[in-house]
Amino acid sequence: VSIHAWMPPKTYLRRDVDNLAKVALDTVLNCYLRIDDSRITDLHISKRHAKKPGLYVSVAVTQDLDDLF
């Protein structure tokens, strides 16, 4: 799983990457994909300065989806 966050400078320093990961993983994996985040084997998180905020989450499945459920 890769998570990339773009934030305005005022918000940038107040947001920890571990908190960004928690929100992104809970939202994307649990709500949309219905995958338990305990199944994650690799995690990359980055945050960058930007005038326009955004969040990009990329999920790569490394095993058969039938094994996840």
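Is Thr-41 buried or exposed? Thr-41 is exposed, with a relative accessible area of 63%; here buried means under 20%, exposed over 50% and partly exposed in between, using a 1.4 Å probe and protein chains only. The legends below describe a predicted model, in which local features need pLDDT of at least 70, side-chain atom pairs count only at pLDDT 80 or more, and totals for chains, interfaces and linings use all residues. Residues are numbered from 1 along each chain as its sequence is written, and side-chain values use heavy atoms, with hydrogens and water left out.

**View 1. The loop around Thr-41.** Thr-41 sits in the loop that links helix H2 (17-33) to strand E2 (44-49). Helices (H or I, at least four residues) and strands (E, at least two) are DSSP runs, numbered from the N terminus.

**View 2. An open sheet of 3 strands.** The strand order is E2-E1-E3, and the pairing is mixed; two strands pair if DSSP finds at least two bridges between them. E2 and E3 are the edge strands, each pairing on one side only. On average, neighbouring strands are turned by 10 degrees against each other, direction ignored. E1 (residues 2-7) and E2 run parallel and are joined by 6 bridges, and here you can find Ile-3 opposite Ile-45 in E2. Helix H2 packs on the sheet, touching E1, E2 and E3 (contact means heavy atoms within 4.5 Å). The direction of H2 makes about 120 degrees with that of E1; axes are lines fitted to C-alpha atoms, for helices over the stretch in contact, and angles run from 0 to 180 degrees between N-to-C directions.

View 3. A search of the whole structure finds 1 salt bridge. Asp-26 is partly exposed at 25% relative accessible area, and Lys-22 is partly exposed at 49%.

**View 4. A nonpolar surface patch.** Tyr-32, Leu-33, Val-59 and Val-61 make this patch of about 390 Å². Val-61 belongs to the segment after strand E3 (54-58) and is partly exposed, with a relative accessible area of 44%. Patches are made of residues with over 30% relative accessible area and no salt bridge, where like charges are joined within 9 Å and nonpolar side chains (Val, Leu, Ile, Met, Phe, Trp, Tyr) within 5 Å. Accessible areas come from the Shrake-Rupley method with a 1.4 Å probe, and for residues only the protein chains shown count as cover.

Conventions: A salt bridge is a side-chain nitrogen of Lys or Arg within 4 Å of a carboxyl oxygen of Asp or Glu.
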